[in-house]
Every structure is written in C-alpha cells, then in structure tokens.
Amino acid sequence: QISWTPLLVLGYLFYLLLGAMVFQLLEKQAETHFRDQFQLEKLKFLQNYTCLDRQALEQFVQVLMEAWEKGVNPEGNSTNPSNWDFSNSFFFAGTVVTTIGYGNLSPSTVAGQIFCVFYALFGVPLNLAFLNQLGKALNAHLLTLERWVQKPGRAQVQLAIFLTTGTLLFLVFPPLVFSYVEGWSYGEGFYFTFITLSTIGFGDYVVGTNPKKHYIPVYRSLTAIWIVFGLAWLALVFNVGADLMERYLQLKWHKSDLSLAKGDTTKLEDEPEQPRIHIPS
C-alpha cells in the first residue's frame, strides 16, 4: 500500500503557497499606500516646523519606535497606567506559557529576560499538561469522533451542541465585549479572538492597551482566564478537524490503491499465463 504522506506534504506546501499569494495580493498594495502616506506626512511636518531638519525628525521617529518596542505607548503622557502592574503582569505571564507572545510587551531588563526563559521552560509544559487534562475533562462529557461516525443520531446532536456552545462562548460573544470595552468593530474583535485562541498572536490588537480608556483592574486577568479555556476548546476543535482530514486523505488514498490493484488484477487475468521462474531460497 502506497503511503498517503506525500499527498499530505504536497497539499501542505500548496496551502502555504496559496496563502502567500493571496496575502501578497491583498496586503502589498495597502502597505505601499500607507508607506507613501507616512512619507508625505513627514514632509508636511517638516514644512510646518522649519526649525527641524530631516535627520532630527528621523531620530525622533526612532525614539518612538524604541518606546513602542519596550511596551511604552507613545500616545498620552506619563500618567498612563503601568504595563507591569499585577493585572497586566498576570496577563503577560499567560501569554508566555500559552506561547501566544503578542510581541507588544517584553522584559527589558536582563534579569527579567533570564527569568522569562526559565519561566517559559517550565511553564509551557505545565500549560500543555493543564490543557491536556482540561481536554480530557471535556472529552469525558462528549462522545469521541469515532463514536460519532459509527453511531449517528444522538451523538451528532451532542457534538453539534458542543460546537455551538463553544462557538458562542469563545468566538461570538467575546468580540461583543471587546467591541464595547476597546472601541473596536465586531470584525476586529472577532479577528483578535481567533488570532489569540489559535496562539498566532500577531500583537496588532491587544486588550487593555489604549491609554485613552480606563479599564477595571481585573479586566486583563479575566481575559487571561478566558484565553486558557478558549485554548482548550479550540485545540479540541482543531484536533477533531485534523483527525477528520487525516481519515479523509487515508480513505481516498486507500481507495485509489484498491482501484489500481483491481485494475492490475484484471489486466493479469486477461493476459495469457506466462511460464514462472522458481528461484530457490
């Protein structure tokens, strides 16, 4: 039997190439537009403030970029809330052990960086073990995919309830909250929700970072707890999807092998029997 692995590899590479082409088509022109607009704004700024030259402006832009990389929002003033109060630190710890890593905040001291390494070294396996146990607890109240396939009916209803409830709790309702608290559109909130729970974590949208808004102290801590349970649910959904895809590919490939084998058998039956050569062992 021919292995179906090469088909999976080709499909995986094709999916990456397709994604690269689509993202390039959708985003490259917008990036060029924003880059030209930014350069135009810098020229207007220099024309309005003739006491500055281009070199001074570029140095100031560099300062702004360094501040952003250190987790300091250039907007607002020195009264902005700290990024390292307990609530924000709790949220950051959650992004470390869950490997989300938004990238908008990171330790700036050597001691903090070294601690982060060892904290992640032990925290990531602990998080995986915790999510594994949480997934088992969910599985204890659900039928597995094999039973759903073999015994349709009630199992399908239970799986549908599980998927619908999880979708509402982790993908549909949270964007409404984020839209209200953060001022995002629902689409932006949904985008943040999925990018976070899938541990992609680009960092372009992060909760509790707008200096113009006043957040309750436990806002980011509650968000971190929501992330943990959402990770367990979405990971289970991904596992089901991966299992379905793997079974589908194996079934298709196996049917193809059977068809080829059947064709070869028919061909041999049509041909006259040839003398056989016996090779002694």
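Which residues does Thr193 touch, not counting residues up to four places away in sequence? I started my notebook with that one. I found Phe170, Leu171, Pro174, Pro175, Phe178 and Trp226 on the list. I note here that I am reading a predicted model.

**Entry: Thr193**

I placed Thr193 in helix α7, which covers residues 186-197. Is Thr193 buried or exposed? I looked up its relative accessibility and got 0%, so Thr193 counts as buried.

**Entry: Phe178**

I followed one of the Thr193 contacts, Phe178. I left aside the neighbours of Phe178 within four places in sequence. Its contacts then include Gly183, Trp184, Gly189 and Phe192. Thr193 is listed too, as are Val207, Tyr219, Thr223 and Trp226.

**Entry: the core**

I looked up the largest nonpolar core and found 25 residues in it. Phe178 is among those with the most contacts inside this core, along with Phe91, Tyr102, Phe192, Val207, Trp226 and Ile227. Which elements give two or more residues to this core? They are α4 (110-140), α6 (154-182), α7 and α8 (219-270). The largest share comes from α8, with 9 residues.

**Entry: Ser221**

I moved on to α8, where Ser221 is found. I read a relative accessible area of 13% for Ser221, so I wrote it down as buried, the cut-off being under 20%. Its side chain makes a polar contact with the side chain of Ser87, at 3.4 Å. What else does Ser221 touch, not counting residues up to four places away in sequence? I found Phe90 beside Ser87 on that list.

**Entry: α3**

Ser87 is buried in α3, and so are Asn88, Phe91, Phe92, Ala93, Thr95, Val96 and Val97. Just after α3, I noted a positive phi of about 60° at Thr99.

**Entry: α1**

I turned to helix α1, residues 5-48. Its 44 residues reach 63 Å from first C-alpha to last, close to the 64 Å expected. Where does α1 bend? I found a bend of about 35° at Glu27.

**Entry: the UniProt record**

I checked the unreviewed UniProt entry for "transmembrane region". The record lists residues 6-26, 86-105, 111-131, 157-177, 189-207 and 219-242. I compared two of these ranges with the model. Over residues 6-26 I read 100% helix and 0% strand, with the end C-alpha atoms 30 Å apart. Over residues 86-105 the chain is 60% helix and 0% strand, and the end C-alpha atoms are 14 Å apart.

**Entry: the whole chain**

Last, I took the totals. The protein chain has 8 helices and 0 strands. I wrote its pattern along the sequence as α-α-α-α-α-α-α-α. Buried residues make up 25% of the 281 residues. What share of contacts between residues at least 6 apart in sequence joins residues at least 24 apart? I got 61%.

Technical notes: Residues numbered from 1 in each chain as written. Predicted model: local features only at pLDDT ≥ 70, side-chain atom pairs only at ≥ 80, totals over all residues. Heavy atoms only, no water. Helix = DSSP H or I, 4+ residues; strand = E, 2+ residues; numbered from the N terminus. Expected span 1.5 Å × (residues − 1). Bend = angle between axes of the 7 residues up to and from the residue. Buried < 20%, exposed > 50% of the residue type's maximum accessible area, 1.4 Å probe, protein only. Contact = heavy atoms within 4.5 Å. UniProt positions renumbered as here; feature names shortened; annotations may be inferred. Core = buried A, V, L, I, M, F, W, Y, C linked by side-chain atoms within 4.5 Å. Polar contact = N/O pair within 3.5 Å; in protein donor to acceptor, adjacent residues only side chain to side chain.
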